[in-house]
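Welcome! Let us take a friendly walk through this structure, one part at a time.

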Amino acid sequence: MNRLPAALSLLVAIATGLLPMPAAGSPDVASSLPRIASGTVFRQDIADAWLRLHGRAQAPLSDGDLAEFRRLLTDTGWPTAPVAGAPAIGAAGDLLARASAHYRYQQEVIDLVSSRVGIDVDALAVARLNDRIERDHRGTQQFGTLFALEHGRVVPAVPARGHRFYRDFYGLPSMDDVIDTLQAGIDAGRSLAELDPPRSLAAPYTPLTHTELRRELGRMVAADQDARHAYAQSVRAGTPDPALQEAVARADADNHARVAQILDTVGFPGPEMVGRDGVSTFFLLVQHADDDPALQQRALALAEPLMRERRMSRQQFAMLTDRVLLAQGLPQRYGTQTVTDETGTLVLAPVENAAGLDARRRDMAMGTAEAYLELLRARHASP
(Lines give C-alpha, C1' and ligand atoms only; values in the text may rest on other atoms or scores of the structure.)
Protein backbone atom coordinates (compact mmCIF):
# COMPACT_ATOMS: atom_id res chain seq x y z
CA MET A 1 0.00 0.00 0.00
CA ASN A 2 2.98 2.26 0.65
CA ARG A 3 1.11 4.49 3.10
CA LEU A 4 0.12 2.67 6.30
CA PRO A 5 -2.08 3.96 7.83
CA ALA A 6 -3.18 7.11 6.08
CA ALA A 7 -5.92 8.92 7.93
CA LEU A 8 -3.86 11.93 6.84
CA SER A 9 -2.57 10.26 3.65
CA LEU A 10 0.89 11.26 4.84
CA LEU A 11 4.11 10.00 3.28
CA VAL A 12 7.42 10.72 4.88
CA ALA A 13 10.87 9.31 4.18
CA ILE A 14 12.36 6.88 6.67
CA ALA A 15 15.64 5.08 7.00
CA THR A 16 15.62 3.53 3.54
CA GLY A 17 15.02 6.91 2.00
CA LEU A 18 12.24 5.41 -0.09
CA LEU A 19 9.68 3.82 2.21
CA PRO A 20 6.87 5.71 3.93
CA MET A 21 6.44 6.05 7.64
CA PRO A 22 2.96 5.64 9.08
CA ALA A 23 1.61 8.67 10.85
CA ALA A 24 -1.12 9.22 13.40
CA GLY A 25 -4.24 11.07 12.58
CA SER A 26 -7.83 11.49 13.54
CA PRO A 27 -10.33 8.98 12.11
CA ASP A 28 -12.53 11.94 11.16
CA VAL A 29 -12.55 12.30 7.37
CA ALA A 30 -14.84 13.78 4.77
CA SER A 31 -18.29 12.20 4.88
CA SER A 32 -17.99 10.90 1.31
CA LEU A 33 -14.93 8.78 2.17
CA PRO A 34 -14.58 5.52 4.10
CA ARG A 35 -14.17 6.18 7.80
CA ILE A 36 -13.84 4.48 11.16
CA ALA A 37 -17.07 3.96 13.09
CA SER A 38 -17.33 6.43 15.95
CA GLY A 39 -18.81 5.91 19.39
CA THR A 40 -18.60 3.33 22.14
CA VAL A 41 -22.19 2.06 22.22
CA PHE A 42 -22.85 -1.33 20.61
CA ARG A 43 -25.18 -1.14 17.60
CA GLN A 44 -26.79 -4.45 16.71
CA ASP A 45 -28.16 -2.98 13.48
CA ILE A 46 -24.66 -2.10 12.29
CA ALA A 47 -23.29 -5.51 13.24
CA ASP A 48 -26.17 -7.23 11.45
CA ALA A 49 -25.67 -5.14 8.32
CA TRP A 50 -22.05 -6.24 8.00
CA LEU A 51 -22.87 -9.88 8.68
CA ARG A 52 -25.76 -9.92 6.18
CA LEU A 53 -23.59 -8.48 3.43
CA HIS A 54 -20.81 -10.92 4.24
CA GLY A 55 -23.23 -13.83 4.17
CA ARG A 56 -24.46 -13.17 0.64
CA ALA A 57 -21.50 -11.53 -1.12
CA GLN A 58 -19.25 -13.57 -3.39
CA ALA A 59 -15.71 -12.97 -4.60
CA PRO A 60 -15.21 -10.71 -6.40
CA LEU A 61 -17.92 -8.40 -5.12
CA SER A 62 -20.68 -7.69 -7.61
CA ASP A 63 -21.38 -4.07 -8.47
CA GLY A 64 -24.37 -4.10 -6.15
CA ASP A 65 -22.47 -5.63 -3.23
CA LEU A 66 -19.57 -3.27 -3.75
CA ALA A 67 -21.98 -0.34 -3.64
CA GLU A 68 -23.41 -1.66 -0.37
CA PHE A 69 -19.91 -2.17 1.03
CA ARG A 70 -18.98 1.40 0.19
CA ARG A 71 -22.25 2.70 1.61
CA LEU A 72 -21.63 0.96 4.93
CA LEU A 73 -18.11 2.38 5.10
CA THR A 74 -19.44 5.87 4.41
CA ASP A 75 -22.60 5.78 6.54
CA THR A 76 -21.58 3.65 9.53
CA GLY A 77 -17.80 3.42 9.15
CA TRP A 78 -15.36 0.54 9.44
CA PRO A 79 -16.75 -1.66 12.25
CA THR A 80 -15.01 -1.39 15.60
CA ALA A 81 -15.21 -3.73 18.58
CA PRO A 82 -17.30 -1.41 20.77
CA VAL A 83 -19.74 -0.46 17.98
CA ALA A 84 -20.15 -3.69 16.00
CA GLY A 85 -18.16 -6.48 17.65
CA ALA A 86 -15.41 -8.83 16.52
CA PRO A 87 -17.48 -10.87 14.02
CA ALA A 88 -18.29 -7.70 12.06
CA ILE A 89 -14.59 -6.79 11.90
CA GLY A 90 -13.82 -10.19 10.43
CA ALA A 91 -16.69 -9.91 7.97
CA ALA A 92 -15.56 -6.48 6.82
CA GLY A 93 -12.04 -7.80 6.29
CA ASP A 94 -13.29 -10.63 4.08
CA LEU A 95 -15.40 -8.18 2.10
CA LEU A 96 -12.41 -5.90 1.61
CA ALA A 97 -10.44 -8.81 0.17
CA ARG A 98 -13.34 -9.61 -2.15
CA ALA A 99 -13.42 -6.03 -3.52
CA SER A 100 -10.56 -7.09 -5.76
CA ALA A 101 -11.72 -5.19 -8.85
CA HIS A 102 -11.14 -1.89 -7.05
CA TYR A 103 -7.53 -1.77 -5.92
CA ARG A 104 -7.41 1.95 -5.13
CA TYR A 105 -10.43 1.69 -2.87
CA GLN A 106 -8.92 -1.36 -1.17
CA GLN A 107 -5.87 0.78 -0.47
CA GLU A 108 -7.92 3.56 1.08
CA VAL A 109 -9.81 1.17 3.33
CA ILE A 110 -6.89 -0.91 4.54
CA ASP A 111 -5.09 2.29 5.46
CA LEU A 112 -7.97 2.99 7.83
CA VAL A 113 -8.01 -0.57 9.14
CA SER A 114 -4.31 -0.40 9.91
CA SER A 115 -4.88 2.57 12.20
CA ARG A 116 -6.78 0.15 14.49
CA VAL A 117 -3.84 -2.24 15.00
CA GLY A 118 -3.37 -2.78 18.72
CA ILE A 119 -6.88 -1.47 19.43
CA ASP A 120 -9.15 -4.11 17.93
CA VAL A 121 -7.28 -5.26 14.79
CA ASP A 122 -4.59 -7.95 14.81
CA ALA A 123 -1.25 -6.86 13.35
CA LEU A 124 -0.38 -10.11 11.60
CA ALA A 125 -3.90 -10.53 10.20
CA VAL A 126 -4.01 -7.06 8.67
CA ALA A 127 -0.48 -7.59 7.32
CA ARG A 128 -1.70 -10.76 5.57
CA LEU A 129 -4.75 -8.97 4.24
CA ASN A 130 -2.51 -6.20 2.90
CA ASP A 131 -0.22 -8.77 1.29
CA ARG A 132 -3.12 -10.61 -0.35
CA ILE A 133 -4.30 -7.37 -1.93
CA GLU A 134 -0.79 -6.46 -3.10
CA ARG A 135 -0.21 -9.97 -4.45
CA ASP A 136 -3.44 -9.93 -6.44
CA HIS A 137 -2.71 -6.55 -8.04
CA ARG A 138 1.06 -6.17 -8.15
CA GLY A 139 2.44 -9.66 -7.73
CA THR A 140 4.41 -8.60 -4.66
CA GLN A 141 3.88 -8.36 -0.91
CA GLN A 142 4.99 -5.78 1.63
CA PHE A 143 5.03 -7.64 4.93
CA GLY A 144 6.19 -11.02 3.69
CA THR A 145 3.37 -13.06 5.28
CA LEU A 146 2.48 -15.27 2.30
CA PHE A 147 4.53 -18.44 1.90
CA ALA A 148 4.72 -21.44 -0.41
CA LEU A 149 6.66 -24.69 -0.66
CA GLU A 150 9.19 -25.24 -3.43
CA HIS A 151 10.85 -28.66 -3.41
CA GLY A 152 10.20 -28.94 0.30
CA ARG A 153 11.59 -25.51 1.15
CA VAL A 154 9.54 -22.62 2.55
CA VAL A 155 9.82 -19.53 0.36
CA PRO A 156 7.88 -16.28 -0.05
CA ALA A 157 4.85 -16.96 -2.25
CA VAL A 158 5.62 -13.76 -4.19
CA PRO A 159 8.54 -11.32 -3.86
CA ALA A 160 8.52 -9.26 -0.66
CA ARG A 161 9.53 -5.59 -0.82
CA GLY A 162 9.93 -3.34 2.17
CA HIS A 163 9.15 -6.18 4.57
CA ARG A 164 11.87 -5.26 7.07
CA PHE A 165 10.37 -1.87 7.77
CA TYR A 166 6.73 -2.94 7.73
CA ARG A 167 7.22 -5.99 9.96
CA ASP A 168 9.38 -4.00 12.34
CA PHE A 169 6.78 -1.25 12.50
CA TYR A 170 4.17 -3.67 13.87
CA GLY A 171 6.60 -5.56 16.10
CA LEU A 172 6.37 -8.73 14.01
CA PRO A 173 9.30 -11.17 13.86
CA SER A 174 11.52 -10.96 10.82
CA MET A 175 10.49 -12.83 7.68
CA ASP A 176 13.68 -14.88 7.87
CA ASP A 177 12.86 -15.99 11.42
CA VAL A 178 9.33 -16.96 10.37
CA ILE A 179 10.65 -18.97 7.43
CA ASP A 180 13.10 -20.78 9.73
CA THR A 181 10.28 -21.68 12.13
CA LEU A 182 8.01 -22.87 9.34
CA GLN A 183 10.81 -24.88 7.76
CA ALA A 184 11.48 -26.66 11.05
CA GLY A 185 7.82 -27.67 11.16
CA ILE A 186 7.88 -28.85 7.54
CA ASP A 187 11.00 -30.91 8.23
CA ALA A 188 9.15 -32.49 11.16
CA GLY A 189 6.39 -33.66 8.84
CA ARG A 190 3.74 -30.99 9.36
CA SER A 191 1.91 -29.19 6.55
CA LEU A 192 2.29 -25.51 5.70
CA ALA A 193 -1.47 -25.04 6.13
CA GLU A 194 -1.24 -26.45 9.65
CA LEU A 195 1.79 -24.35 10.53
CA ASP A 196 0.46 -21.10 9.05
CA PRO A 197 -3.33 -21.12 9.57
CA PRO A 198 -5.74 -18.22 8.91
CA ARG A 199 -5.82 -15.61 11.63
CA SER A 200 -8.75 -13.54 12.88
CA LEU A 201 -8.62 -9.90 11.87
CA ALA A 202 -10.25 -8.91 15.16
CA ALA A 203 -8.01 -8.59 18.20
CA PRO A 204 -9.06 -8.21 21.86
CA TYR A 205 -10.32 -4.69 22.36
CA THR A 206 -7.74 -2.46 24.01
CA PRO A 207 -8.72 1.22 23.82
CA LEU A 208 -5.97 3.82 23.61
CA THR A 209 -5.32 5.73 26.81
CA HIS A 210 -4.47 9.11 25.20
CA THR A 211 -6.82 9.56 22.26
CA GLU A 212 -6.76 13.34 22.36
CA LEU A 213 -2.95 13.33 22.30
CA ARG A 214 -3.10 11.02 19.28
CA ARG A 215 -5.36 13.49 17.48
CA GLU A 216 -3.10 16.36 18.50
CA LEU A 217 -0.05 14.56 17.11
CA GLY A 218 -1.94 14.15 13.85
CA ARG A 219 -2.57 17.88 13.69
CA MET A 220 1.04 18.69 14.57
CA VAL A 221 2.51 16.44 11.90
CA ALA A 222 0.02 17.77 9.35
CA ALA A 223 1.28 21.30 10.02
CA ASP A 224 4.86 20.01 9.77
CA GLN A 225 4.29 18.31 6.43
CA ASP A 226 2.05 21.01 4.91
CA ALA A 227 4.73 23.65 5.54
CA ARG A 228 7.50 21.47 4.14
CA HIS A 229 5.46 20.48 1.10
CA ALA A 230 4.68 24.08 0.22
CA TYR A 231 8.31 25.15 0.52
CA ALA A 232 9.53 22.11 -1.44
CA GLN A 233 7.16 23.00 -4.27
CA SER A 234 8.67 26.48 -4.49
CA VAL A 235 12.16 24.96 -4.55
CA ARG A 236 11.22 22.55 -7.34
CA ALA A 237 9.78 25.45 -9.29
CA GLY A 238 13.16 27.17 -9.07
CA THR A 239 11.87 30.04 -6.95
CA PRO A 240 12.50 29.19 -3.28
CA ASP A 241 10.11 31.29 -1.22
CA PRO A 242 11.66 32.73 1.98
CA ALA A 243 8.19 33.20 3.45
CA LEU A 244 7.43 29.50 3.01
CA GLN A 245 10.81 28.61 4.47
CA GLU A 246 9.96 30.75 7.48
CA ALA A 247 6.64 28.90 7.77
CA VAL A 248 8.59 25.66 8.12
CA ALA A 249 10.65 27.21 10.90
CA ARG A 250 7.51 28.44 12.69
CA ALA A 251 5.86 25.03 12.46
CA ASP A 252 8.99 23.40 13.86
CA ALA A 253 9.21 25.92 16.70
CA ASP A 254 5.57 25.41 17.66
CA ASN A 255 5.87 21.64 17.52
CA HIS A 256 9.21 21.69 19.32
CA ALA A 257 7.70 23.43 22.33
CA ARG A 258 4.83 20.96 22.48
CA VAL A 259 7.13 17.94 22.07
CA ALA A 260 9.09 19.11 25.10
CA GLN A 261 5.86 19.40 27.11
CA ILE A 262 4.80 15.90 26.08
CA LEU A 263 8.14 14.47 27.16
CA ASP A 264 7.67 16.23 30.50
CA THR A 265 4.16 14.89 31.09
CA VAL A 266 3.99 11.39 29.58
CA GLY A 267 7.51 10.64 28.38
CA PHE A 268 7.90 9.17 24.90
CA PRO A 269 4.31 8.10 24.09
CA GLY A 270 3.90 4.36 23.64
CA PRO A 271 1.49 2.47 21.35
CA GLU A 272 -0.91 1.82 24.21
CA MET A 273 -1.28 5.59 24.51
CA VAL A 274 -1.42 6.82 20.90
CA GLY A 275 -1.16 3.75 18.67
CA ARG A 276 1.88 2.55 16.75
CA ASP A 277 1.35 5.21 14.11
CA GLY A 278 1.21 7.81 16.90
CA VAL A 279 4.60 6.62 18.15
CA SER A 280 6.01 7.08 14.65
CA THR A 281 4.48 10.52 14.38
CA PHE A 282 6.06 11.58 17.65
CA PHE A 283 9.38 10.20 16.44
CA LEU A 284 9.16 12.37 13.31
CA LEU A 285 8.45 15.47 15.39
CA VAL A 286 11.47 14.70 17.58
CA GLN A 287 13.60 14.21 14.46
CA HIS A 288 12.65 17.69 13.30
CA ALA A 289 13.73 19.22 16.60
CA ASP A 290 17.31 18.95 15.39
CA ASP A 291 18.15 22.41 16.69
CA ASP A 292 17.83 20.97 20.22
CA PRO A 293 20.24 18.02 20.58
CA ALA A 294 19.52 17.84 24.31
CA LEU A 295 15.83 17.26 23.67
CA GLN A 296 16.63 14.57 21.11
CA GLN A 297 19.03 12.86 23.51
CA ARG A 298 16.39 12.91 26.23
CA ALA A 299 13.75 11.53 23.86
CA LEU A 300 16.15 8.77 22.79
CA ALA A 301 16.65 7.63 26.37
CA LEU A 302 12.90 7.59 26.97
CA ALA A 303 12.30 5.70 23.72
CA GLU A 304 14.81 2.92 24.39
CA PRO A 305 12.44 0.75 26.48
CA LEU A 306 9.82 0.99 23.73
CA MET A 307 12.34 -0.18 21.15
CA ARG A 308 13.59 -3.07 23.28
CA GLU A 309 10.02 -4.23 23.96
CA ARG A 310 9.20 -3.99 20.20
CA ARG A 311 6.68 -1.22 20.87
CA MET A 312 8.54 1.13 18.56
CA SER A 313 10.24 0.69 15.20
CA ARG A 314 13.90 -0.27 15.61
CA GLN A 315 14.70 1.50 12.35
CA GLN A 316 13.33 4.75 13.69
CA PHE A 317 15.20 4.31 16.97
CA ALA A 318 18.39 3.74 14.96
CA MET A 319 17.85 6.97 13.02
CA LEU A 320 17.40 8.97 16.21
CA THR A 321 20.43 7.31 17.78
CA ASP A 322 22.62 8.32 14.86
CA ARG A 323 21.39 11.90 14.91
CA VAL A 324 22.10 12.21 18.62
CA LEU A 325 25.59 10.74 18.26
CA LEU A 326 26.53 12.99 15.33
CA ALA A 327 25.24 16.05 17.20
CA GLN A 328 27.63 15.12 20.01
CA GLY A 329 30.55 14.98 17.57
CA LEU A 330 30.65 11.18 17.71
CA PRO A 331 30.48 8.70 14.82
CA GLN A 332 27.06 7.23 14.09
CA ARG A 333 26.26 3.63 15.02
CA TYR A 334 23.81 2.38 12.38
CA GLY A 335 24.73 4.26 9.22
CA THR A 336 21.40 6.01 8.69
CA GLN A 337 22.85 9.48 8.11
CA THR A 338 24.63 10.57 4.93
CA VAL A 339 26.71 13.47 3.70
CA THR A 340 27.90 14.57 0.26
CA ASP A 341 31.62 14.15 -0.42
CA GLU A 342 33.82 16.44 -2.51
CA THR A 343 32.68 14.70 -5.72
CA GLY A 344 29.01 15.26 -4.95
CA THR A 345 28.43 11.59 -4.08
CA LEU A 346 26.28 10.57 -1.14
CA VAL A 347 28.31 8.67 1.43
CA LEU A 348 27.73 7.63 5.01
CA ALA A 349 28.62 10.10 7.71
CA PRO A 350 31.42 8.74 9.95
CA VAL A 351 30.54 5.36 11.46
CA GLU A 352 31.89 3.63 14.55
CA ASN A 353 33.39 0.16 13.99
CA ALA A 354 32.59 0.08 10.27
CA ALA A 355 33.40 -3.63 10.08
CA GLY A 356 30.43 -4.44 12.30
CA LEU A 357 28.02 -2.00 10.69
CA ASP A 358 25.91 -4.46 8.72
CA ALA A 359 25.53 -6.74 11.74
CA ARG A 360 24.25 -3.80 13.79
CA ARG A 361 21.92 -2.80 10.98
CA ARG A 362 20.56 -6.34 10.80
CA ASP A 363 19.78 -6.22 14.52
CA MET A 364 17.73 -3.07 13.85
CA ALA A 365 15.70 -4.63 11.01
CA MET A 366 17.67 -2.88 8.27
CA GLY A 367 19.38 -4.11 5.13
CA THR A 368 23.03 -3.64 4.30
CA ALA A 369 24.65 -0.23 4.23
CA GLU A 370 25.64 -0.77 0.60
CA ALA A 371 22.05 -1.47 -0.47
CA TYR A 372 20.87 1.55 1.53
CA LEU A 373 23.36 3.84 -0.19
CA GLU A 374 22.41 2.49 -3.61
CA LEU A 375 18.76 3.35 -2.94
CA LEU A 376 19.58 6.83 -1.71
CA ARG A 377 21.94 7.57 -4.60
CA ALA A 378 19.35 6.43 -7.13
CA ARG A 379 16.77 8.66 -5.52
CA HIS A 380 19.20 11.58 -5.34
CA ALA A 381 20.02 11.18 -9.03
CA SER A 382 16.38 11.09 -10.17
CA PRO A 383 14.87 14.39 -11.36
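Predicted model: local features only at pLDDT ≥ 70, side-chain atom pairs only at ≥ 80, totals over all residues.

Residues are numbered from 1 along each chain as its sequence is written. Local features need pLDDT of at least 70, side-chain atom pairs count only at pLDDT 80 or more, totals for chains, interfaces and linings use all residues, and side-chain values use heavy atoms, without hydrogens and water.

Trp78 also belongs to the largest nonpolar core, which has 47 residues; Trp50, Phe69, Trp78 and Leu201 have the most contacts inside it. Such a core is a set of buried Ala, Val, Leu, Ile, Met, Phe, Trp, Tyr and Cys residues joined through side-chain atoms within 4.5 Å. Buried means under 20% relative accessible area (1.4 Å probe, protein chains only). Helix α6 gives the most to this core, with 7 residues. Another core, of 30 residues, lies apart from it and includes Leu217 and Met312.

Here are two helices (DSSP runs of H or I, at least four residues, numbered from the N terminus).

| Helix | Residues |
|---|---|
| α4 | residues 86-98 |
| α14 | residues 314-327 |

In α4, the buried residues include Ala88, Ile89 and Leu95, and their cover includes α1, α2 and α5.

Thr321 sits in α14. Thr321 is buried, with a relative accessible area of 3%. Beyond neighbours within four places in sequence, Thr321 is in contact with Leu300, Arg333 and Tyr334.

Definitions and conventions. Buried < 20%, exposed > 50% of the residue type's maximum accessible area, 1.4 Å probe, protein only. Contact = heavy atoms within 4.5 Å. Expected span 1.5 Å × (residues − 1).
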